Amino acid sequence: YLSAVYLLRRDIDSFQQYFSLSQPLGYRPIPRVYQQALLLHWSRDHSASEPIPWHIQKDVVQGLNNFISLAQGPNANPERAKAQFGNTYWAYYFYHD
């Protein structure tokens, strides 16, 4: 439950720290929303060429790239990003009041 509280508070730094403590327990697969939060955390401070230390599905990585293009790219369309990615942690993190 603690990890969910961190996600709801948009505290992805604490979420990542807590999640990393649970890694030795070997939870597989990582829940999709956790993958989205971990990838968002990782993408803030690392380049795309650096290996991600968790098993993140390729479609989640592609989804974040698509979300960023719609939300913040040169042809940004935040309304379309909200509509297309409204069921993701990324939309919650950036657009939820």
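Modeller: Helices here are DSSP runs of H or I with at least four residues, numbered from the N terminus. The model is a predicted one.

Colleague: Fine. Which helix does Tyr-18 lie in, then?

Modeller: Tyr-18 is part of helix 2.

Colleague: What does Tyr-18 form on the surface, and with which residues?

Modeller: A nonpolar patch, together with Leu-2, Val-5 and Leu-21. The accessible area of the four together is about 370 Å².

Colleague: Which helices supply at least two residues of that patch each?

Modeller: Helix 1, residues 2-8, and helix 2, residues 12-22.

Colleague: Which element has the largest share of the lining?

Modeller: Helix 4, with four residues.

Colleague: And how do the lining residues divide into nonpolar, polar and charged?

Modeller: Seven are nonpolar, four polar and one charged. The lining includes Leu-39, Trp-42, His-46, Glu-50, Ile-52 and Ile-68.

Colleague: Last one, Gly-86. Where is its place?

Modeller: In the loop that runs between helix 5 (78-85) and helix 6 (89-95).

Colleague: What is Gly-86 in contact with, leaving aside neighbours within four places in sequence?

Modeller: Ala-81 and Ala-91.

Colleague: And how far apart are Gly-86 and Asn-75 in space?

Modeller: 19 Å, C-alpha to C-alpha, with the two residues eleven apart in sequence.

Note on methods: Residues are numbered from 1 along each chain as its sequence is written. This is a predicted model: local features need pLDDT of at least 70, side-chain atom pairs count only at pLDDT 80 or more; totals for chains, interfaces and linings use all residues. Side-chain values use heavy atoms; hydrogens and water are left out. On a 1 Å grid over the protein atoms alone, a cavity is a set of points where a 1.4 Å probe fits but cannot get out, and a pocket is an open set with protein on both sides within 12 Å along at least five of seven lines; lining residues have an atom within 4 Å of a point. Ala, Val, Leu, Ile, Met, Phe, Trp, Tyr, Cys and Pro count as nonpolar, Asp, Glu, Lys and Arg as charged, and the others, Gly among them, as polar. Contact means heavy atoms within 4.5 Å. Patches are made of residues with over 30% relative accessible area and no salt bridge: like charges are joined within 9 Å, nonpolar side chains (Val, Leu, Ile, Met, Phe, Trp, Tyr) within 5 Å. Accessible areas come from the Shrake-Rupley method with a 1.4 Å probe; for residues, only the protein chains shown count as cover. A salt bridge is a side-chain nitrogen of Lys or Arg within 4 Å of a carboxyl oxygen of Asp or Glu.
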